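Here are my notes on the model you asked about. Please read them with the structure open.

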Amino acid sequence: MPVSSSQGKQYVSNVVRRVKHDKILDIGPGAGTYAKMFTDAEWTGIEIFEPYIEKYSLNDHYKKIIVADIREYDLSDLGRFDIAIAGDVLEHMTAEEAVAVVDKLKSVADTVIVSIPIGHHPQGECEGNPNEAHIVDDWTDERFRELFNPQKGWVDGHIGIYVWSNQKIVPKICVYTISKNEEQFVERWANSAKDADLLLIADTGSTDRTVEVAKQCGIQVHDICITPWRFDHARNASIALIPRDIDVCICMDVDEILEPGWRDEIEKVWTPETTRLSYFFDWGCGIRFRYEKIHARRSEEHTSELQSH
């Protein structure tokens with residue numbers, strides 16, 4: 001169908017945001033869903049069913065729309081793309097044709113993203129378009145991985161999302177904290193977390209040089225006022241300041257530091273479905289205990305409603 005399931009879209013979005021995406025090739029754009037999600041990119045679409053172009057105003061969202069069958073179209077004249085997306089396309093062809101299409105996309109794009117229904121999903125003609133029929137309607141995650149050997153893959157409900165990339169796909173990380181008169185600790189805190197994409201402090205009314213030193217260290221500083229004081233409200237306010245495009249949030253006190261190599265360890269295990277990570281906190285004097293203050297930006301469960309401190 002020209003409008004596909006919402007399942008899998010968050011995974012596609014996470015990958016696109018993590019890699020260069022100035023130029024994107026969209027195979028089977030349908031209603032133009034992905035082009036509407038990333039309006040900062042230059043989009044080229046290859047659509048097999050010409051009536052969709054006018055019906056869904058695709059020329060408003062794509063710099064170039066080509067009416068063609070991707071199985072037959074020569075992509076070499078289009079140049080290179082940062083990303084090629086085949087969203088709910090491969091089920092409309094044989095497995096052998098699908099493998100050939102993915103190989104073709106990999107030859108012109110640094111990152112290729114495929115979404116495809118997983119499970120038994122028969123479908124016939126739709127909106128007068130015979131190309132909407134599913135030729136293979138019983139893809140499984142195991143079979144797809146065996147045939148295509150993707151670098152990354154996830155199943156979200158009944159949609160599988162698979163990725164091949166020459167680019168390093170890494171999460172965007174923010175290390176954040178609440179501060180008040182922490183001048184003596186700010187620089188050390190910032191140095192330990194310098195590999196983050198963003199350092200953020202929500203300052204609750206420092207009267208020393210905390211804010212000045214933090215800004216000198218390149219930390220994004222916000223002044224917040226919580227009256228009457230509640231630590232949980234201050235923490236929730238600091239979370240609200242974190243940009244929406246951040247994937248991973250690390251909550252720390254200003255007198256705490258991260259061990260060298262912390263980012264590599266997070267990147268090894270973080271996936272789009274991760275909501276939190278557990279780790280050991282070294283209190284000193286031989287005292288270590290488990291902590292869970294690394295969490296996803298999108299997860300609402302990390303806001304607090306209990307008084308503390």
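The numbered points below go from the ground rules to the sheet, the charged pairs and the cysteines.

1. Ground rules. This is a predicted model, in which local features need pLDDT of at least 70, side-chain atom pairs count only at pLDDT 80 or more, and totals for chains, interfaces and linings use all residues. Residues are numbered from 1 along each chain as its sequence is written, and side-chain values use heavy atoms, with hydrogens and water left out.

2. Seven strands form an open sheet in the order 3-2-1-4-5-7-6, with mixed pairing. Strand 3 (64-67) and strand 6 (152-156) are the edges, and each pairs on one side only. From one strand to the next, the twist averages 15 degrees. Strands here are DSSP runs of E with at least two residues; helices are runs of H or I with at least four residues, and both are numbered from the N terminus. Two strands pair if DSSP finds at least two bridges between them.

3. Strand 1 (residues 23-27) runs parallel to strand 2 (residues 42-47), with five bridges between them. Ile 27 has Ile 46 of strand 2 as its bridge partner.

4. Helices on the sheet. Helix 4 (residues 95-106) lies across strand 1, strand 4 (81-87), strand 5 (109-117) and strand 7 (159-165). Helix 4 runs at about 150 degrees to strand 5. Helix 5 (residues 141-148) also packs on the sheet, where it touches strand 5, strand 6 and strand 7. The direction of helix 5 makes about 20 degrees with that of strand 7. Axes are lines fitted to C-alpha atoms, for helices over the stretch in contact, and angles run from 0 to 180 degrees between N-to-C directions. Contact means heavy atoms within 4.5 Å.

5. Asn 14. Is Asn 14 buried or exposed? Asn 14 has a relative accessible area of 3%, so it is buried. The cut-offs: buried is under 20% relative accessible area, exposed is over 50%, and partly exposed is in between (1.4 Å probe, protein chains only). Asn 14 sits in helix 1 (residues 9-18). Leaving aside residues up to four places away in sequence, Asn 14 touches Asp 247 and Pro 272.

6. Asp 247 and its arginines. The whole structure has 17 salt bridges. A salt bridge is a side-chain nitrogen of Lys or Arg within 4 Å of a carboxyl oxygen of Asp or Glu. Asp 247 makes one with Arg 17, with the closest N and O atoms 3.2 Å apart. This pair links distant parts of the chain: Asp 247 is in the loop between helix 8 (231-240) and strand 11 (248-251), Arg 17 is in helix 1, and they are 230 residues apart. Arg 18 also bridges to Asp 247, at 3.4 Å between the closest N and O atoms. Arg 18 and Asp 247 are 229 residues apart. Both Arg 18 and Asp 247 are buried, while Arg 17 is partly exposed at 22% relative accessibility.

7. A further salt bridge. Glu 212 pairs with Arg 209, the closest N and O atoms being 3.3 Å apart. Glu 212 is partly exposed at 40%, and Arg 209 is partly exposed at 36%. Shared partners join Arg 17, Arg 18 and Asp 247 into one network.

8. Cysteines. How many disulfides does the structure contain? A search finds zero, a disulfide being a pair of cysteine sulfur atoms within 2.5 Å. For Cys 217, the nearest cysteine sulfur is that of Cys 174, 15 Å away. Cys 217 is partly exposed at 28% relative accessibility, whereas Cys 126 is buried at 17%.
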